[in-house]
Amino acid sequence: MATVAFQQASRIFDSSRPPAVNRVSLEIADGEFLVLVGPSGSGKSTAMRMLAGLEPVDEGAILIDGKDVTEMRARDHDVAMVFQSYALYPNMTARQNMAFALENLKLPKDEIARKVESAARMLELEPLLDKKPSAMSGGQRQRVAMGRSIVRDPKVWCMDEPLSNLDAKLRVSTRAQIAALQRELGVTTVYVTHDQTEAMTMGDRVAVLEDGVLQQVDEPTHMYENPGNTFVAEFIGSPSITLLEGVRVDRGRALLGEGHTLDLGMPAQFAAKLDGDSVIAGVRPENWEIVSRQSTDREDQCVPLQVEIIENLGAEAYAYCTALMTPDSTVSMRQKRIAVRLDSAKDAQIGDTLWVRPRVGACVFFDPSSEINLRYL
Amino acid sequence: MSTALSPAAASPAAVPSAAPKALPPTPGTQAAGEPPMNARQSARRRAISGDGGSPVGRAFGYGAMVLTALVFLLPLYFILITSLKTHGDIYSDPISWIPDPFAPENFSTVMNNLNFGTYLRNSIIITAILTIVEVTLGVLSAYGFAFLRFPGRDLLFLLLIGSLMVPNQITIISNYSMVAQWGWRNTFAGIIVPLAGVAFGAFLMRNHFLSLPTEIMEAAEMDSAGFFRTLFKVVLPMSWPTVSAFVLITVVTEWNQYLWPFLIASDDSVMPLPIGLTQLQNSEGMTNWGPVMAGTIITTLPMLLVFILLQKQMIKGLTAGAVKG
């Protein structure tokens, strides 16, 4: 049980290149479940390894429970870690793997046995206790690795993509199991992943990193609805948000469509924060409202899209469309295609034209130069 | 407690093992009858089911095996039968393939008349001490080179490898004068100490240690295992195949060590077997090959035993299951 604080912590591998972790400042509350996400090479694993003491902190400080651990050895951090590859000791049984840390701390034998038993019960590991890792399946090894990390009641629990080696079905059940276990133990947890679903569902808060720079820390839902900048907007959510660049702002209103007649519903106070007369607007796939599948008399109120690909997920479907834009349009798109959520794959066919409009109040607006959400400016 | 866990995760069935019950597949997915099989598929099937390959191919394979075995075994067989032959039988023409008369007394001659027991004891002492010292030094220095960071480490390691390039014979004169100065001629210390420093093991073990998954070392660090506890509890148990290979190579090398002990040992008290064999050859005016071959058998047998004991360990891969795989 502990708080964690990163104070402008950096990891510099090579002074001629940008730092792997660049001045990250982050406070994690006692018992909080924080998910670190980012694309490959964003420094999320490095940041966690710095907290665990496996990487040096080249600048700034890291505090655990208010105590500066920057220069402490990993063993004195009192952090436990679940490795992506599990890193179980192959020569030891599950019981020995779990007891190893406690033996190193010179705990009495009966106490070690009691702690191992209770951790094993918690993770349903009892039948595996006397097996070696080579005789276990991937999921079983993963649970032994978790057992090994919780058995000594660490201050902070670190997990480095612990589910990435499991098959899809097992991943879903283990995801729920980890979240439940963390709530029950109340251990401060840092969880590294690149998986959208894990980021959205498991954590109390999500921290997004890109190129070592912390982009945004927020509750998952709030972050999804109010991404801090265009990077977070594009990174969180699948399929991706559609970003429309060069949307005209006229008398405090963001306008789209032929003749600039479609009002995106930008709050009036945002216009005051803008320098020029354009804005970047973001629309999530589920926030496109399909007005009509045929030509309609309300054409000035919507934009036409041509369906190119349909992705049918069973319960729902996504249409990937290209916009049919007028030649002189100032609007351009970040993505090649606009993703639109359909209630059913039957709602559209490849080659169809859909007339759509963003739902009122569901657009996100970004400053065209800094690309920061106008809400945060 | 388990109510807090998701039911799917809590049940053992969540582990992707064999399904508890094989249900029939959806109707219409299975074709009727036996699958078609072409000639090559049939040939492959025969090959994997054990009785495979064409008879000519198999005969050829066995022929090659027998030939290879003969090349290796014939000299050994010759040593064995010569050791059991009388002096006259050895020089008989044509050569006899079975000793006649059978003369096991060659062995007792060697053991009783020529102090072979002492040579054997000396060989065991020298080899055992050298193996223990070399393996200990090799493993410890390799562990240091692999996992400790200290200034000049890479340069030091380069020097270590460099010493591998220097032939032993070059250092013999200076070593001899040093050992003689210390008064260690004709002592075990004189034989053992100059042979004990060998870079090969440190090189072999370091490269092996560096190939171990780093996560395991990090896990041990986080489990607050000390430097030596990590070595003995984590690193070495994962390294037995390499350590066995190292031990085997060391034992054989030191057992067969000839030039240096030959220079240092001047009488039976510290003389190892290979030198004893030459004593045997020179003991009479004309070489009596029967006892020499008997001595050779006695010299070779322990190495054969060591090899049989260690080869299984060497082959067994112990890192299986350490990381996902």
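Arg23(A) lies in strand E2 (residues 21–28) of chain A, where helices (H or I, at least four residues) and strands (E, at least two) are DSSP runs numbered from the N terminus. The model is predicted, so local features require pLDDT of at least 70 and side-chain atom pairs count only at pLDDT 80 or more, whereas totals for chains, interfaces and linings use all residues. Residues are numbered from 1 along each chain as its sequence is written, and chains are lettered from A and ligands numbered from 1 in the order in which they are written.

The phi angle of Arg23(A) is positive, near 45°, in a residue other than glycine. Arg23(A) is partly exposed, with 15 other C-beta atoms within 10 Å; a residue is buried if 20 or more other C-beta atoms, placed from the backbone, lie within 10 Å of its own, exposed if 12 or fewer, and partly exposed in between. A positive phi of about 45° is also assigned to Gln8(A), which is not a glycine. Gln8(A) belongs to strand E1 (residues 4–11) of chain A and is partly exposed, with 13 other C-beta atoms within 10 Å. Elsewhere in the backbone, Ser238(A) and Pro239(A) are joined by a cis peptide bond with omega of about -5°. Pro239(A) is placed in the loop between helix H8 (230–235) and strand E11 (242–250) of chain A.

Another loop of chain A, between strand E10 (213–218) and helix H7 (220–225), contains Glu219(A). Glu219(A) is exposed because 12 other C-beta atoms lie within 10 Å. A distance of 32 Å separates the C-alpha atoms of Glu219(A) and Gly276(A), which are 57 residues apart along the chain.

The interior was examined through nonpolar cores, each a set of buried Ala, Val, Leu, Ile, Met, Phe, Trp, Tyr and Cys residues joined through C-beta atoms within 7 Å. The largest core has 130 residues, of which Leu36(A), Leu51(A), Cys158(A), Ala281(A) and Val340(A) touch the most other members. Helix H2 (residues 94–104) of chain A supplies the largest share of this core, six residues. Contacts are pairs of residues whose C-beta atoms, placed from the backbone, lie within 7 Å. Apart from neighbours within four places in sequence, Cys158(A) is in contact with Met48(A), Leu51(A), Ala52(A), Val79(A), Ala80(A), Met81(A) and Val190(A). A second, separate core of 21 residues includes Tyr119(B), Val179(B), Leu277(B) and Ala294(B).

H2(A) is largely enclosed by the rest of the structure, because eight of its eleven residues are buried. These buried residues are Ala94(A), Arg95(A), Asn97(A), Met98(A), Ala99(A), Phe100(A), Ala101(A) and Leu102(A). They pack against helix H3 (109–122) and helix H4 (138–150) of chain A. Lys106(A), which follows H2(A), has a positive phi near 60°.

The axes of H2(A) and H3(A) come within 10 Å and cross at roughly 135°; axes are lines fitted to C-alpha atoms, for helices over the stretch in contact, and angles run from 0 to 180 degrees between N-to-C directions. H2(A) is therefore oblique to H3(A), as angles under 35 degrees count as roughly parallel, over 145 as roughly antiparallel, 65 to 115 as roughly perpendicular and the rest as oblique. The crossing of H2(A) with H3(A) is right-handed, a crossing being right-handed if the near helix is turned clockwise from the far one by less than a right angle and left-handed if anticlockwise. Arg95(A), Met98(A), Ala99(A), Leu102(A) and Glu103(A) of H2(A) meet Ile112(A), Lys115(A), Val116(A) and Ala119(A) of H3(A). The residues of this contact comprise six nonpolar, no polar and three charged; Ala, Val, Leu, Ile, Met, Phe, Trp, Tyr, Cys and Pro count as nonpolar, Asp, Glu, Lys and Arg as charged, and the others, Gly among them, as polar.

Chain B contains 16 helices and zero strands. Of its 325 residues, 25% count as buried. Among the contacts in chain B with a separation of 6 or more, 74% involve residues 24 or more positions apart. Helix H6 (residues 116–147) and helix H9 (residues 188–196) of chain B pack at an angle of about 35°, with their axes 10 Å apart, and their crossing is right-handed.

Ile161(B) is located in helix H7 (residues 153–164) of chain B and counts as partly exposed, with 13 C-beta neighbours inside 10 Å. Not counting residues up to four places away in sequence, Ile161(B) touches Ala199(B) and Phe203(B).

Conventions:
Two residues are in contact if their C-beta atoms, placed from the backbone, lie within 7 Å.
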